[in-house]
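Hi there,

Here is the structure I promised to pass along. Please have a look at it first, and then read on for what turned up.

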Amino acid sequence: MASSSQIQPQPGAGRIAAAMAGQPQAVLIVLLLLLCGAISLAAAQFYSLANIIAILRQSALVLIVAAGMTTLLIGGEVDLSVGASLAFTGCVAMDATNRSGSVPVGALAALAFAGAVGLFNGLVVTRLRVNSLIATIATMMILQGGVYLYTREAVQNQHHLAAFTGIGAGYLGAFPIPVLLAAAVFAAVYIALRHTLFGRYTYALGANPIAARLSGLRVRRLKLAGFVITGLLVGVTGLILCSLMNAGQPTAGRGFELTVIAAVILGGTSLAGGRGSLIGTLLGVLVLKVIDNGIIILRWNQDFQMVVPGVVIVAATWLDTVRVRRRAV
Amino acid sequence: MPQSRNLLRVLTRRSEGPLLLCLLAVIGFFALASDTFLSVRNITNVLGQASLAMMAGIGVAIVFISGEVDVSCGSLLAAVAIPLIVVMNATNSLALGIAAALALGGVVGVVNGFLAAYLRINSLIVTLGTLFVLRGGVYLYTGQTAIPDDAGLESFFQLGNGRLAGVLPYPAVAALVLLLVFAYVMGHRPFGRHVFAAGGNPDVARLAGYDVPRIKFAGFVVSALLATCAGIMLASRLGSAVHVAGLGFEFQVVAAVVLGGVSLSGGVGSLFGMALGVLILSFLANGLGMLDLATEWQLVVTGAIIIAAVSFDEFKRRQKL
Amino acid sequence: MLSDPHSPALAMQGIGKQFPGVVALADVDLTLTGGQVHALIGENGAGKSTLIKILAGVYQKDSGSIRIGGVEAELRTPRDALRLGIKVVFQEIALIPEFTVAENIFLERHPVNRIGSIAWGKLRADAKALFDRLGFAVDPGARARDLPISTQQMVEIARALAHEARIVVMDEPTSSLTPKEVALLFTVIRRLKSLGIAVVYVSHKLDEIFEIADTVTVLRDGRHISTKPVAAHTQDSLIQDMIGRRIEFLFPRARGPARSDVLLSVRGLSTKDKLRDVSFEVRAGEVFGFFGLLGAGRTELAKAIVGFDPIRSGEIAIGGQPLRPHDTRTGVALGIGLLTEDRKTEGLMLEQSVQHNMSLAALGGFAVAGFVQEARERSAVQGFVDRLRVRTPGLDRPIRDLSGGNQQKVLLSRWLLRGLKVIVVDEPTRGIDVGAKSEIFALIDRLAGEGHAVVMMTSEMPELLGLSDRIAVMANGRITATMPRADATQEGLLSAAIA
């Protein structure tokens, strides 16, 4: 009885979209190669070591949070507060380091603060049962207002600790530290999603929450974990960003949440939950950041950096829609 | 057949009653806390300030009721000011400027509606995308500065700054008129009822012969046009097309709409509830400002109120089940 | 529209419809005459609902032709169907819950006044007049969501008459009606006949068909089996056409009698909205069936006893252990699980593999320090695929590619793999073709034979009579009768269900 369905050929754009939707990762790799090729033809310095490191470092910031966001979206939830939390975390990290004169204390403060934001989001969603979209928009507003109540202007580096600067700008061997951190986060989340109970349960939760509950899964705790993990990863990123800027900027991270979500969805993770992969997210991040970089080194107007993710996120979701519709009859 | 008994039932059922009480409580609190709060000048000022969110909120509420989401209004506010000012500067005609603004707004609504209703792309994503693209477009066009109004038409100035009989700001008058018109449409025209049906149960609506995508499409177009009206008023107040106008405006509007009892899942809500939501948040912002609290408290309080309102709604819904 | 008065009101010819993996309809004919009631019968999955959905414009036919009044018709959307005078009353209630009854009646076309405003007064008066004419006692101003299901169904039927329909299709209209309401419905149908309207009456209640229908068309496995005047049929010949084989063959019983140990005991169970003081016990090796009309509370009971829905009072014990705290996690740990009525939305993870779907509840047992031992998981899943003869091209295939019967086996295995002793099945054969049905029956029989306790909720009387050891009947959230199978008759069950 399990005969495969006959797929009708679709005309024009629909067919290309369907093909892309079927193999999102292969398409992203091709897209990435094409972009790199095109940009390097127009601007030879694209392949310079400095530029590649710049791209990787930029990608690292997005990827760390995107790893958490991928987990959340697979579980059927979303967090729009990551951008506002990022800025606030940076201020907290710098302030705590200034006061204590200790980098570990600053790092812990960043993780504790961002983790607490994640916990708050998770509790509002699981206990008060507020739709996560609305709940995290509200958290975003609270954080945006809160950060100005906390500090009127940027928190400057008064401790001048080399180790603090090293978090963002330092190298371990040939590799920038943020890139290594991102690689570690990527590996850990990849393994967690693929090979642990947590990952399998998260997929199940997003794919069919009722089936998950009937199977005896701890649905609330699982969701809560997704929010807290995302929060902690925002903490890591906030720390790096604050180190890179050498200040805690209350205005940092505007629109960061949308870049992250754009990358995750571009990577083939479904907004509807239950489907997605971290490899796809990695590719999505790279595509967006290479485009960003291209805009800069080709000396285009940097305001295109707002337009491009907007178009990309809509197009990526369209592909996802086409794929889902093609399967569902 | 608005019999008084029915009216009362409608009021209590649609949770506009509690909202009204909430609004009165906010007003009462600040009236006691500040001497100048309850002056005619201050009240009419607040109404003027609330009118932008009210106009855009009508559209957003209609889109919500149809079962979709529209968060593009913040950037649209800034974007429509550009054709308005540019055309006015070139032609010295307010009418042509407004026509140009409405044309851009209409195009944005059509694009949103086409992508969300016909291509069935998640409307949150579509309108987030529009939000980004429009803001980026505004920055690109203006080079991140404001475009001043060189025509200096008195009629344009009056639009946002004049007052009816010297008391009520014109934007508030416009918002009130639009509110009444659309409340009538949603409650008493077949189109409005179709919107409710399409959001309440799209399958039933389809079986009843409704063209559900077209209904949703129309909602997006209406929403964009109403946001355009708000954008025109704002441009008049600012006297220029400001590239950062309306940053974060979409979240205020969504907050007010949700606070006003319009369900995110579609089919439920009233425009009067939305209007009360806008007024509560506006009076709150104004009052906090008068108490010399930092304006950032507004954001914090608004965020907290949204969480409280939505979780209360959710709690009530579960009690009913 | 120009039409020939002598041509049939509707002629569907050679209708075919395929879904991925299933031929839902193959070469089906249906001809309706004005002023006649045409019964359409067949088992679940015979193709009745697909056929009427094509008629309603919900599905598109793949092949064949539809002529209305002798004119070729294209039914691409529900709107096309309505415009051509076809009104379908579906079994699922199609009212907008937030709207009043009166507005729901005129959902297709709100009456408007000169300036295009909805004429609420006229709308209400028209609805009232319609109800009076039909003899319905319903308040047109009531909100649809506040009405009991049977009343909502009457409203649905009234809706069909508010429009100038020439063809009215009723899909299991009596599934939740009381006998008094059924009598009222039949009066209405006779009035429709006298108006020259063609009525399609979909049902599997044979006595109703003998009472109201003029002609009967039988479908089986998506094929047209017979169309005859109802007078040419007997109960037996109808059943023969529907099932195509004898009942004993469909329900092979291999297991012995139930054992003495009680695996599930429910005492005085009540929930906030539906269930009232429900008590029963199920023993190892027993299949305990629940019968009831739509809305009687079977699904609510199923969800309450596995810990999914909260309860207000009462005691549930699995294998002697109380289900406390009342949640599914405890339920699964104690050994009770639910095979839900709605496979797609409550059971399957459609995009995920057969393996992941099957192992979901048992996954913790394959994990060491939080890491899933995939080799162990795979071999356990393979074991159940072999044992239950799940036909799948591979364990890694998405489960959506499997047929309904095989999906159901995977979901059943989800519980068996976890080692549950008490399995609650809610409408286990919904949307499954006939061949697979008897396999599911055999499987349930085998599980009981191996010492499981099975609680089965179903509205299919043959299933209940064929499989159960004991049968409880529910009405309005209560158990109104409990009887051993030997004492149960279709009439006895029905009268208890209506009580």
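How many salt bridges does the rule find across the interface of chain A and chain B? There is 1. It pairs E296(B) with R152(A), and their closest N and O atoms lie 2.7 Å apart. Please keep in mind that this is a predicted model.

On the side of chain A that touches chain B, the elements giving two or more residues are α5 (103-126), α6 (132-150), α12 (256-266) and α14 (304-327) of chain A. Of these, α6(A) contributes the most, with 13 residues. Sorted by class, that side of chain A holds 25 nonpolar, 9 polar and 4 charged residues.

As for the contact as a whole, 38 residues come from chain A and 37 residues from chain B. Together the two chains bury about 3500 Å², with 81% of it on carbon and sulfur atoms. The count of residue pairs in polar contact between chain A and chain B is 2.

I also looked at a strand in chain C. Strand β20 (residues 453-457) of chain C is largely enclosed by the rest of the structure, because 5 of its 5 residues are buried. On one side these are A453(C), V455(C) and M457(C), and on the other V454(C) and M456(C), so both faces are covered.

Two strands of chain C run parallel to β20(C). Strand β13 (residues 287-292) is joined to β20(C) by 4 bridges, with V287(C) partnering V454(C). Strand β19 (residues 422-426) is joined to β20(C) by 5 bridges, and there V425(C) has M456(C) as its bridge partner.

Best wishes

Methods: Residues numbered from 1 in each chain as written. Chains lettered and ligands numbered in written order. Predicted model: local features only at pLDDT ≥ 70, side-chain atom pairs only at ≥ 80, totals over all residues. Heavy atoms only, no water. Contact = heavy atoms within 4.5 Å. Buried area = accessible area lost by both parts, 1.4 Å probe. Salt bridge = Lys/Arg side-chain N within 4 Å of Asp/Glu carboxyl O. Polar contact = N/O pair within 3.5 Å; in protein donor to acceptor, adjacent residues only side chain to side chain. Nonpolar A, V, L, I, M, F, W, Y, C, P; charged D, E, K, R; others polar. Buried < 20%, exposed > 50% of the residue type's maximum accessible area, 1.4 Å probe, protein only. Pairing = 2+ DSSP bridges.
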